[in-house]
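Here is a briefing on one protein chain. Look over the sequence and the model first, then read the points below.

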Amino acid sequence: NREKEFWKRSFEEMSISREQAHDILMKYMKGEAYIQHSYAVEAIMKGIAKRLAPEEEEFWGIVGLLHDLDEEHCDWKNHPEVHGSTSVEILKKEGVDDKVLHDAICAHNPKCGVKAKTNLQYAVLAADPMSGFVKAVAQIYPDKKIASVKHKSVMKRFNEMRFAAGANRDYMESIEFTKLSLDDLIDIALEEMGKISDILGL
């Protein structure tokens, strides 16, 4: 299987450790909310990897951790097309020249010109908005805790288009291009974000 061989090879040649990735994140990201979001997407990505690519769990987590690396270093609000490619420039400057990592980071923002094609790319495209969506659902509970959030509540709000209108439903549903369903993604997000709820302030 060519795809399996490709992933095995790229994982063996993984150019960055989680510790190195975290150091880079801390160097370029200062906003607490951005950092918490990065941790949340990392957690979801690792949860997805457990189902789709268990031997690559750390690498998938790194993609999640670094997906918004350029958040404070580009004018993404006015020029969304630079969000992603600027992260790649930062990583190259830091000596991280890993095309699989670069393409996955870019794929979470299709506006920068990279369309998701692999399971890894679809995973980060879906995990990014799901992390924020689950947080938004938690915020409407009296205790604002993710432990209070039930799967059916997330799905109910998902179908209310006015709720968290900025969370891209199409991107979340793109998880279905992998072997997983939207229901699976919700379960993974609740479970994995729940494990680090203290770090996320949830």
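The chain carries 28 positive and 35 negative side chains. The centres of these two sets lie 4 Å apart. The model is predicted. Its mean pLDDT is 93, and 93% of the residues score at least 70.

**Fold and dimensions**

- The chain has 11 helices and zero strands.
- Read from the N terminus, the order of elements is α-α-α-α-α-α-α-α-α-α-α.
- The radius of gyration is 16 Å, close to the 17 Å that the globule rule gives for 202 residues, so the chain is as compact as a globular protein of that length.
- The C-alpha trace spans about 45 × 40 × 30 Å along its principal axes.
- Of the contacts with a separation of 6 or more, 64% join residues 24 or more positions apart.

**Surface and burial**

- The accessible surface of the chain is about 10,200 Å².
- Carbon and sulfur atoms account for 50% of that surface.
- Of the 202 residues, 50% are buried.

**Confidence by element**

- Confidence is lowest in helix 1, residues 2-12, with a mean of 49.
- Confidence is highest in helix 10, residues 182-195, with a mean of 98.

**Helix 2 and His22**

- His22 sits in helix 2, which covers residues 18-28.
- The relative accessible area of His22 is 19%. The cut-off for buried is under 20%, so His22 counts as buried.
- Beyond its neighbours within four places in sequence, His22 is in contact with Tyr39 and Leu65.
- Leu65 is itself one of the buried residues of helix 4.

**Helix 4**

- Helix 4 runs over residues 57-66, and eight of its 10 residues are buried, so this helix is largely enclosed by the rest of the structure.
- The buried residues are Phe59, Trp60, Gly61, Ile62, Val63, Gly64, Leu65 and Leu66.
- Glu58 and Ser17 are 41 residues apart along the chain, and their C-alpha atoms are separated by 8.2 Å.

**Helix 8**

- Helix 8 covers residues 151-158 and includes Phe158. Ser153 is also found in helix 8.
- Phe158 is buried, with a relative accessible area of 3%.
- Which residues does Phe158 contact, leaving aside neighbours within four places in sequence? They are Phe133, Arg169, Met172, Glu173 and Leu182.
- Phe158 and Gly113 are 45 residues apart in sequence and 27 Å apart in space, C-alpha to C-alpha.
- Ser153 counts as buried, at 18% relative accessibility.

**Helix 10 and Ala189**

- Ala189 is found in helix 10, the element with the highest confidence.
- Ala189 is buried, at 0% relative accessibility.
- Not counting residues up to four places away in sequence, Ala189 touches Ile44, Met130, Val134, Ile146 and Gly194.
- Ala189 and Gly113 are 76 residues apart in sequence, with 27 Å between their C-alpha atoms.

- Most residues other than glycine have a negative phi.
- Lys144 has phi near 55°, a positive value in a residue other than glycine.
- Where is Lys144 placed? Lys144 lies in the loop between helix 7, residues 119-139, and helix 8.
- Lys144 counts as partly exposed, at 41% relative accessibility.
- Ala164 has a positive phi of about 45° although it is not a glycine.
- The place of Ala164 is the loop between helix 8 and helix 9, residues 169-173.
- Ala164 counts as partly exposed, at 26% relative accessibility.

Conventions:
Residues numbered from 1 in each chain as written. Predicted model: local features only at pLDDT ≥ 70, side-chain atom pairs only at ≥ 80, totals over all residues. Heavy atoms only, no water. Helix = DSSP H or I, 4+ residues; strand = E, 2+ residues; numbered from the N terminus. Rg over C-alpha atoms; globule rule 2.2 N^0.38 Å. Buried < 20%, exposed > 50% of the residue type's maximum accessible area, 1.4 Å probe, protein only. Contact = heavy atoms within 4.5 Å. Areas by Shrake-Rupley, 256 points an atom, 1.4 Å probe, with all protein chains shown as cover. Lys, Arg positive; Asp, Glu negative; His and termini not counted. Charge placed at Lys NZ, Arg CZ, Asp CG, Glu CD. pLDDT = per-residue confidence, 0-100.
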